[in-house]
Amino acid sequence: MPDTPLKLFNSLTRQVETFTPVHEGEARVYTCGPTVYNYAHIGNMRAYVFADVLGRTLRWKGYDLRHVINITDVGHLTDDGDSGEDKLEKAAAGSDRTIWDIARHYTEAFKADVRALNIREPAEWSVATDYIEPMIEFAKSIVDEHCYELDGGLYFDVSSVKDYGRLARAVTEEGEGRIDTVAGKRNAADFAIWRKTPPGETRQMEWDSPWGKGAPGWHLECSVMGEKLLGFPFDIHTGGIDHREIHHPNEIAQNQAFCGCGSLDEATHSGAKIWMHNNFLVERSGKMSKSSGEFLRLQLLIDKGYHPLAYRMMCLQAHYRSELEFSWEGLQAALTRLKRMVMLAEKIKAEVHSSGSAAGEGGKLRPTLEIFESFILEDLNTSAALLAYERTLPLEGIAAPAKYAAIARMDEVIGLNILSLTRADLRIRPKDAQITETEIEDAVARRKDARAAKDFAASDAIRDQLTAKGVEVMDGDPLGWEWKLG
Ligand code: AMP
Ligand code: ZN
């Protein structure tokens, strides 16, 4: 295949750039991970599907991928600016579980979602509280030139580095949009890199430091884990678009301070070469939230009977830089599309099985693979690549083994598991159904027999019994659903 370059949109330069690795043959990627005070919602999961496609694409290009996703178990405040409470301390205060139990529980739940969405596990899950010592060392190395102490903690002076806030869309000198509740800050955008435990209080999570007992700031964690695990500068830093405004500008400022770097005209001074951000998943009613309305977590989709990969399909249908609106109709459409692909793949698998022949004409699909690749390499255009993938399945005049090989190859990037999913896996099966799948299958088979015997009274009776239990029988459905649980 021709050596097409990988082009990625760099939020820092606002340009699509050609990817060239810092270290020959390697790609080092850091993805801001979840704050484990609650379950991740499906919007959060969109951020990891995006990072996964990026990682898979880097591997497709032959790079040795080193991907870190962190777990934030301390330091993330209820307000991204610089006020509020620690999200985990707050969750623990209203519960009989310890903070550590809470963190463990939601970390495991997050990893289950990752697996269900066929997101590759990163080389390293780095847990923030495992890096307290290095965080203190990092802070010590920048404290003299870049920080000052207030009663509440150690603050980073954003005017001590060049180009603060370049990544953000609109940070004014006053720090637009921030709540500035801390007296004594030199600049509104200054932020705590170490937060002291207030006198007379004890916290479940606190550590000794040269600035008193306390806990690290959220931004410090990512700077330190990125530096420790990947080294500055590494290749790509990812996160959701909200991080472009506060979290990542603050990480960048710390990184510049740490490496003694100057202006951000040189992107690597930020600690990474490329900063990438996925846009939000939104609900029609507005921003997705964990606190209001129906909490859209992956498990809810599964409980309603949807296969989790239908949600992955939904994500891939949109470009990662576009906003994506969630709706149940949209999820249903994504599931139907997935099922159509799986059905075509089942035919191909059956043909491969019965022919037993070797590929022989794989060359015929080279142009298809090249088209697929050209889309994915153009800033991860998954929606176009998906179309190229989908069109390969029903192509005439191509032997099944060649198709099979092409599907396997494209699925390395798309990750929908088209060759291992079955039609039955994709059935809608709500958790609260009043009838089991075996019972339905049984009834559907009896009804088929009745119809074959032209016993329409019996067949109608079976159908009525199924309808009463919420099962819709779908005769002659072009997708072969046969039945659906409503
Ligand atoms: P958090 O656990 O809040 O730190 O968020 C985890 C990741 O999800 C971060 O990269 C966020 O930027 C991202 N994120 C948060 N909300 C959404 C959303 N509605 N759609 C897409 N990504 C989101
Ligand atoms: Zn981060």
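## Ligand sites and local geometry of a predicted model

The side chain of S263 reaches the backbone nitrogen of D265 at 2.8 Å. A polar contact, meaning a pair of N or O atoms within 3.5 Å (within protein, one must be able to donate a hydrogen and the other to accept it, and residues adjacent in sequence count only if both atoms are side-chain atoms), of 3.1 Å also joins the side chains of S263 and D163. S263 is found in the loop between α6 (247-259) and β11 (272-278); helices (H or I, at least four residues) and strands (E, at least two) are DSSP runs, numbered from the N terminus.

This is a predicted model, in which local features need pLDDT of at least 70 and side-chain atom pairs count only at pLDDT 80 or more, while totals for chains, interfaces and linings use all residues. Residues are numbered from 1 along each chain as its sequence is written, chains are lettered from A and ligands numbered from 1 in the order in which they are written, and side-chain values use heavy atoms, with hydrogens and water left out.

Ligand 1 is surrounded by 18 residues, the closest being T35, G43, G240, D242 and L281; a residue is counted if one of its heavy atoms lies within 4 Å. Helix α1 (42-60) and strand β10 (234-240) each supply at least two residues of this shell, and α1 gives the most, with 4 residues.

| Residue | Protein atom | Ligand 1 atom | Distance |
|---|---|---|---|
| G240 | backbone N or O | oxygen | 3.0 Å |
| D242 | polar side-chain atom | oxygen | 2.4 Å |
| N278 | polar side-chain atom | nitrogen | 3.3 Å |

Taken alone, ligand 1 exposes 490 Å², of which the protein buries 94%; these accessible areas come from the Shrake-Rupley method with a 1.4 Å probe.

C32 lies in the loop between β3 (26-31) and α1, and C222 in helix α5 (residues 218-230), so the pair ties together parts that are 190 residues apart in sequence.

Some backbone features remain. The peptide bond from F232 to P233 is cis, with omega near -15°, and P233 lies in the loop between α5 and β10. N118, a residue other than glycine, has a positive phi near 55° and is found in the loop between α3 (99-116) and β5 (124-127).
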